[in-house]
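Have the viewer open as you read.

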Amino acid sequence: VLGRGSGWRGRLRCRGRSALALGQAQVAGVDGVLIGLGLWFAWGFARDQGKWDDLLAIFHPGGEIAVSWFRGPYPEFVAHCQRNFGKGSEAKHLLWPARVAVNGARATAETSVAILVRQTIEGIAVDLNSNGRFLDRLERRDGVWRMVERAALYEKDRLDPVEPSPKFNAMMAGAGAQKYPAPYRYMAYRVHAAGRSLAEPVHYDGRPETEALKTRYAQWLAGA
């Protein structure tokens, strides 16, 4: 049931009680539902709209995140996003409902995401469409569910001109994008075009580091 409130903290209500982050509401048997409805959509809205306090509140202290261009402590990621917001590119994260596994005060989740970026490269406006998944670890601490780790896993992408032109075709002919792995080829190209470096390893299915990440998540959920 949707309820009134200020910001995402007040949007989700379950049986009359407000849900913060994943939901402070302790309702037996619906932890996974609260997680799916709360954190993931909140993250996308906060990231894309520049709600930095809300974005910080989605993680417990000590959390970490790994995406194509950043790997490290979550507060540093938020600070980078804040510094770069509105400078040179615009991003939109389209998120689907999460697949969640809960074991006591621990949970893992897998969420499909489409990352849409508009950016100007060599004077040409382009649109990136990148499909992938977020792999998350979450914990309930003092009754509050929040994330402790997020890793972006890339599946496929494409880069298109906002207005087709010979200049775009010529740019791509000399871009050397084929040197990047197919799952994140044009994401890598646009990251480098923006003057950033890739935060290796960039995850995709089948990469040894990615399969090790999946195993680590599963072992952690089981109590290891």
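Which residues touch the most other members of the largest nonpolar core? They are Trp43 and Phe77, in a core of 46 residues. A nonpolar core here is a set of buried Ala, Val, Leu, Ile, Met, Phe, Trp, Tyr and Cys residues joined through side-chain atoms within 4.5 Å; buried means under 20% relative accessible area with a 1.4 Å probe, counting protein chains only. Strand E7 (residues 106–121) gives this core the most, six residues. Leu135, Ala151, Leu213 and Tyr217 are among the five residues of a second, separate core.

Before going on, a word on the model: it is predicted, local features need pLDDT of at least 70, side-chain atom pairs count only at pLDDT 80 or more, and totals for chains, interfaces and linings use all residues. Residues are numbered from 1 along each chain as its sequence is written, and side-chain values use heavy atoms, with hydrogens and water left out.

Zooming out, the protein chain has six helices and nine strands, taken as DSSP runs numbered from the N terminus (helices are H or I with at least four residues, strands are E with at least two). Buried residues make up 48% of its 224 residues. Among contacts (heavy atoms within 4.5 Å) with a separation of 6 or more, 58% join residues 24 or more positions apart.

Back to Phe77. Leaving aside residues up to four places away in sequence, Phe77 touches Trp43, Arg47, Ile65, Val67, Trp69 and Phe70. Phe77 belongs to helix H3 (residues 74–84), where Tyr74, Val78 and Cys81 are buried too. These four cover an arc of only 95° around the axis, so they sit on the same side of H3; the arc is that of the directions from the helix axis to the C-beta atoms. After H3 comes Gly86, with a positive phi near 80°.

Now the rings. There are 10 aromatic pairs, where rings of Phe, Tyr and Trp (its six-membered ring) pair if their centres lie within 6.5 Å, with planes under 30 degrees apart stacked, over 60 edge-to-face and the rest tilted. Tyr154 and Tyr184 make a tilted pair, because their centres are 6.4 Å apart and their planes at 55°. Tyr154 is in strand E9 (residues 144–161), while Tyr184, 30 residues apart, is in the loop between helix H4 (166–173) and helix H5 (185–193). Ring pairs also link Trp43, Phe59, Trp69, Phe70, Tyr74, Phe77 and Phe134 into a cluster.

Terms used: Buried < 20%, exposed > 50% of the residue type's maximum accessible area, 1.4 Å probe, protein only.
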